[in-house]
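Work through the exercises below with the sequence and the model in view. Try each task before you read its solution.

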Amino acid sequence: MFNLKKVKTMKKLIFMMLMAFSAIVVNAQTTVQSSKILDNVYVGVDGGVATPLTFDNIFPLNGTATLRVGKQFTPVWGAEVEGTAWFGSNSGYGYANRFDGVNHNVVRGSYVGVNGTVNLTNLFWEYKGTPRLFEVSTVLGTGWVHTFIPNLNDKHRNYLGVKTGLDLAFNLGKTKAHTVSLRPAVLWNVSQPGNSVNGLAFNKLGAQLYLGV
């Protein structure tokens, strides 16, 4: 036998829950709809140095320059496109793959890739609505490595690259809209050298350790 009071109370509770859920959905849709495509877009310009990850021939350091454009989709997740050029001749692996004396280009190599970013500070600590003074993010991406080395056997020198690194960001200004970042990273050449023909490998041969600001 049913208790009518309990049934009516349950109906009211379910009705209130549905109304609350509808309000949440409408609010979320409004937030997404009102977000503009250029919201939370940033442009970064980095200068830095790089050296072979093998550390068997650290100097001379290679100068680097990077331009990146990114977007924060949420306070935690983001993505960016970056282009990096390096100017030194120290690649640190095998004479056949070195930037040797016959190369007179100003830019000795380049990397163009797409990175995903994860803001660890906002992931593990509650986001307060504005950036903190100091935040730590991971950077992981893949792209195209090109070295400008004249060679009869391989004039193009194109490789698959993977980037792993951190973004140590100091957010400045009243609204924390300007950032000075320290960006340690490793650019891995996963298709050369030390690999079998047409093979891929994740090793330190050919990898460059970067530090950009």
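**Exercise 1: Aromatic pairs**

Solution. Trp86 and Tyr210 form an edge-to-face pair, with 6.5 Å from centre to centre and 75 degrees between the planes. Trp86 belongs to strand E3 (residues 77-86) and Tyr210 to strand E8 (residues 208-212), so this pair ties together parts that are 124 residues apart in sequence; strands (E, at least two residues) are DSSP runs, numbered from the N terminus.

This is a predicted model, in which local features need pLDDT of at least 70 and side-chain atom pairs count only at pLDDT 80 or more, while totals for chains, interfaces and linings use all residues. Residues are numbered from 1 along each chain as its sequence is written, and side-chain values use heavy atoms, with hydrogens and water left out.

Next comes accessibility, for which buried means under 20% relative accessible area, exposed over 50%, and partly exposed in between (1.4 Å probe, protein chains only). Trp86 is buried, with a relative accessible area of 4%, and Tyr210 is buried as well, at 11%.

The rings of Phe134 and Phe170 have centres 4.9 Å apart and planes at 45 degrees, so this pair is tilted. Phe134 sits in strand E5 (residues 134-147) and Phe170 in strand E6 (residues 158-172), so that the pair links distant parts of the chain, 36 residues apart. Phe134 is partly exposed at 37% relative accessibility, and Phe170 is partly exposed at 40%.

**Exercise 2: Partners of strand E1**

Solution. Two strands pair if DSSP finds at least two bridges between them. Strand E1 (residues 41-52) and strand E2 (residues 62-72) pair in the antiparallel sense over 10 bridges, and Gly44 stands opposite Arg68 in E2. E1 and E8 also pair in the antiparallel sense, over 5 bridges, with Thr51 opposite Leu209 in E8.

**Exercise 3: Strands around the largest pocket**

Task: which strand gives the most to the lining of the largest pocket?

Solution. E1, E2, strand E4 (109-119), E5, E6 and strand E7 (178-189) each supply at least two residues of the lining. Among these, E1 gives the most, with 6 residues.

Technical notes. Phe/Tyr/Trp six-rings, centres within 6.5 Å; stacked < 30°, edge-to-face > 60°. Helix = DSSP H or I, 4+ residues; strand = E, 2+ residues; numbered from the N terminus.
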